[in-house]
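Here is a walk through one model, from its sheet to one of its helices. Keep the structure open as you read.

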Amino acid sequence: MANKSSRSTIAAPALVELLGPLPDRVTSAWVSSHIMALVAEGRLRTGSILPSERSLAITLDVSRGTVTRAMEQLLEHDMLDSKRGSGHRVRLPKRAARPVESLDPHPTLASNDAIDLRWTVMPPHPLVQECATAVASGIGSITSLGASPAQGVPELIDAICQHYNRRGLPTSPEQVVVTNGVISGLHLSLIAATRPGALVGVENPTYPNIPRVVNTERRRITPLDVASGFPAALTAVLHSGTLDAAIITPDFHNPTGHVLSEAHRTNILRAAAVSRTPLIIDESLVTFNWRGKEMPPPMVSTDRDSAPTFLVGGTSKSLWAGLRVGWIRTSRRATDALANIRLGVDLGAPVIEQLMAAQLMNRTANAQAPSHAELIATQYRALTDAMARHLPHWTYQAPEGGLSLWCQNLTLPAHELVQRAKERGVELLPGVMFSPSQRDWSHALRLPFTSPVHDLEHAVEILGEL
């Protein structure tokens, strides 16, 4: 049964404060998309009653028709119950979609009442719907009739250049290639940097799809253990010249959430320059700096004689999981090689998605933190507080950002705990999935803090009982 507070009416000023900074022109799409995001994030509880259309219109300083259209859009998405005289009550759709991250070739959907902690998936950025509507309404004015260069549409390439310029790395359009997401960018970079049979260094633990990229392209893996001595170990192996390339995540490593220091980056880049080893840098989580850490500059070599560094970024983590747009930022010589390879793989990312990504990147450019920063910090505190109460023997290093904890010293083997937790309605991934060899981390788990607070607390309570 919903608690009393979840059934209360939200005052118009309180709702507007939750919606965040108002744009220059408040539209019905803006209002409805922001309310959807609040519900998805758990900040607007189901059962809550929205303020009257009149009071909300006055507080937003818009016409009542704008608010009425927003409520109609929410009703169409099955996000509201509406009865005459009772107002608009927040609800989840009858068949609410579950987030799915493709870490398993055949992922199974969790039951509606299960707590799913397998994925690091955030709700869509509140501006996604508005930007999608704007792009769709302008399709007829696209003079190229939908065709675009394989390297990417100019609007998006410019937004990516500005993204790096703001981070202190001057970037020109000739250094950017747009891809179909981060994984596609890793594939293309690996093909451009190495040949079949090449030896590629991969972090251990790592994001499960990175070893798949290496194996799919018929390269061999050297695991690089992520521990206190990782930067020195990586520097040493690069100096030795035994690697043909390395794929690393220096900014909010997945799954540990750690960041390589500027000094460590410098040493690694120097070692790679001496041995002429290409580095492929996964930047998919670089924007999840919810702690407000002063970040080192992008990890890229400035030595003209060194092998190229490939910075691979994307929008699916920070803006919307359904926006499969990524990019590679590298040297001009390397982009020429990528362009030739690209024509044998695909003819570029979809134009509508590229234009959406360009709008979203431009409109969120001045944000000092991700749109969900406060929510992420709250969920992280809830998770770690619950672990202190119920799982005090588990160990982890506090992440500097990112979206997950890497937990070790489990009493039960991870695969057994995962199975028992599933029987109790909690879905997890065992640590072995994050091992490049699929043999390590038998007593480790990744715990994302991307779920609502009450789900995280209840899941940890169950894990403590198990």
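How many bridges join strand β8 to strand β9, and do they run parallel or antiparallel? Four bridges link β8 (residues 279-282) to β9 (residues 309-314), and the two strands run parallel. Find Ile-281: its bridge partner in β9 is Leu-311. Bear in mind that this is a predicted model.

Now step back to the whole sheet. Seven strands form it, in the order β4-β10-β9-β8-β7-β5-β6. The sheet is open, and its pairing is mixed. The edges belong to β4 (176-179) and β6 (220-225). Each has a single partner strand, so one side of each is left without a neighbour in the sheet. Neighbouring strands are turned by 20° against each other on average, direction ignored.

Next come the helices on this sheet. Helix α6 (residues 154-166) packs on it and touches β4, β9 and β10 (326-329). The direction of α6 makes about 115° with that of β4. Helix α11 (residues 332-342) also lies across β4, β9 and β10. α11 runs at about 30° to β4.

Finally, turn to helix α3, residues 53-60. Which of its residues are buried? They are Glu-53, Leu-56, Ala-57 and Leu-60. Seen down the axis of α3, these buried residues fall within an arc of 100°, so they line one face of the helix. An α-helix has 3.6 residues a turn, so residues three or four places apart point the same way. On the other side of α3, Arg-54 and Ile-58 are exposed. After α3 comes Asp-61, with a positive phi near 60°.

Methods:
Residues are numbered from 1 along each chain as its sequence is written. This is a predicted model: local features need pLDDT of at least 70, side-chain atom pairs count only at pLDDT 80 or more; totals for chains, interfaces and linings use all residues. Side-chain values use heavy atoms; hydrogens and water are left out. Buried means under 20% relative accessible area, exposed over 50%, partly exposed in between (1.4 Å probe, protein chains only). The arc is that of the directions from the helix axis to the C-beta atoms. Two strands pair if DSSP finds at least two bridges between them. Axes are lines fitted to C-alpha atoms, for helices over the stretch in contact, and angles run from 0 to 180 degrees between N-to-C directions. Contact means heavy atoms within 4.5 Å.
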